Amino acid sequence: FRLQRLGLFTNIQIRTLEKDSNIAQRTVVIELAERRPGLFNFGFSVNNEIGDQYGLSILGYTGIAYRNLAGSGRALSTRVEINDILDTRKEFKGVPATRFLEHDITAGYLEPFVFNKRLRGRLNVSRSVKVFKTERERLIGLESNQIATSLDRDLSRYLKVSWNLWSLTHSRKFAAEGQLDEIRDKLTIATTGP
């Protein structure tokens, strides 16, 4: 179970050499097939997630991860998501449609054995710019930058405890059309806890 939870192996078989014998002390053989450590994925979709009256949204994403740096179980990952929103509401009033480019960028690091124990440490850094809401026929955007560190450990097969050591998020709301520097609200939040 612990070997499977590492996510590094595709096949794990545990057997004894003295199978079907009366020998009390046995030799245990563990056979492992290592998973390919690199992962690359990408994709796209077309939707109308902000409502029929606003037009289409085209989403594209890609991600790269390497899960076993130098055979140590350490992992690095990154993911980029871009969403092109075409706001067609104004076309009906003779004004050209506007576009808003949402993006979400995340990078992470995993340390699988903190203090040489079965304690995992994580560091994540992310930046996000999204549509927050529509107000008086214009889009309000939300920019968010975050850095977070955490520790987690499996207590049993079905129970895991996680502790947010420290995270800091800085966000601001802004007018997503016209004056991009028109800042509405700024907020910085630091958190810690389970």
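Good morning, everyone. One caution first: the model is predicted.

Let's start with the overall layout. The chain has 194 residues. Its elements are one helix and ten strands. What is the order of those elements from the N terminus? It runs α-β-β-β-β-β-β-β-β-β-β.

Now burial. Of the residues in the chain, 29% count as buried. The chain exposes about 13,200 Å². Carbon and sulfur atoms supply 57% of that area.

What about contacts along the chain? Take the contacts between residues at least 6 apart in sequence. Of these, 46% join residues at least 24 apart.

Next, the salt bridges. How many does a search of the whole structure find? Twelve. I will walk through a few.

Look at Asp152 and Arg120. Their side chains meet in a salt bridge, at 2.7 Å from N to O. Asp152 sits in strand 8, residues 138-154, and Arg120 in strand 7, so the pair ties together parts that are 32 residues apart in sequence. Are these two buried or exposed? Asp152 has 3% relative accessibility, so this residue counts as buried. Arg120 has a relative accessible area of 16%, and is buried too. The cut-off for buried is under 20%.

This pair also belongs to a network of salt bridges. The network links Arg5, Arg120, Arg122, Asp152 and Asp154.

Now move to Glu143. Which residues form salt bridges with Glu143? Arg127 is one of them, with the closest N and O atoms 2.6 Å apart. Arg127 is in strand 7 and Glu143 in strand 8, so this pair ties together parts 16 residues apart in sequence. Arg172 forms a salt bridge with Glu143 as well, and here the closest N and O atoms are 2.6 Å apart. Arg172 belongs to strand 9, and 29 residues separate Arg172 from Glu143. Arg127 is partly exposed, at 31%.

On to the nonpolar side chains. The largest nonpolar core has six residues. They are Ile85, Phe100, Val129, Val131, Leu139 and Phe174. Pick out Val129. Which residues does Val129 touch, leaving aside neighbours within four places in sequence? The contacts are Phe100, Glu102, His103, Leu142, Glu143 and Phe174. Two of those names, Phe100 and Phe174, are in the core list. And Glu143 is the salt-bridge partner of Arg127.

Leu123, Val125, Ile147, Trp163, Leu165, Trp166 and Leu168 make a nonpolar patch of about 580 Å². Strand 7, residues 120-135, and strand 9, residues 160-175, each give two or more residues to the patch. Which strand gives the largest share? Strand 9 does, with four residues. Trp163 lies in that strand. At 41% relative accessibility, Trp163 counts as partly exposed.

There is one aromatic pair in the structure. The rings of Phe40 and Phe42 have their centres 5.7 Å apart. Their planes are at 40°, so the pair is tilted. Phe40 and Phe42 are both exposed.

Last stop: the loops. Ala70 is in the loop between strand 4, residues 57-69, and strand 5, residues 74-87. Its phi is near 50°, a positive value in a residue other than glycine. Ala70 counts as exposed, at 85% relative accessibility.

Phe115 is in the loop between strand 6, residues 98-111, and strand 7. Phe115 has a positive phi too, near 60°. With a relative accessible area of 68%, Phe115 is exposed.

Finally, Arg36. This residue lies in the loop between strand 2, residues 28-34, and strand 3, residues 38-47. Arg36 is exposed, at 73% relative accessibility. How far is Arg36 from Phe9 in space, C-alpha to C-alpha? The distance is 8.4 Å, though they are 27 residues apart in sequence.

That's the tour. Thank you.

Terms used: Residues are numbered from 1 along each chain as its sequence is written. This is a predicted model: local features need pLDDT of at least 70, side-chain atom pairs count only at pLDDT 80 or more; totals for chains, interfaces and linings use all residues. Side-chain values use heavy atoms; hydrogens and water are left out. Buried means under 20% relative accessible area, exposed over 50%, partly exposed in between (1.4 Å probe, protein chains only). Patches are made of residues with over 30% relative accessible area and no salt bridge: like charges are joined within 9 Å, nonpolar side chains (Val, Leu, Ile, Met, Phe, Trp, Tyr) within 5 Å. Accessible areas come from the Shrake-Rupley method with a 1.4 Å probe; for residues, only the protein chains shown count as cover. A salt bridge is a side-chain nitrogen of Lys or Arg within 4 Å of a carboxyl oxygen of Asp or Glu. A nonpolar core is a set of buried Ala, Val, Leu, Ile, Met, Phe, Trp, Tyr and Cys residues joined through side-chain atoms within 4.5 Å. Contact means heavy atoms within 4.5 Å. Rings of Phe, Tyr and Trp (its six-membered ring) pair if their centres lie within 6.5 Å; planes under 30 degrees apart count as stacked, over 60 as edge-to-face and the rest as tilted.
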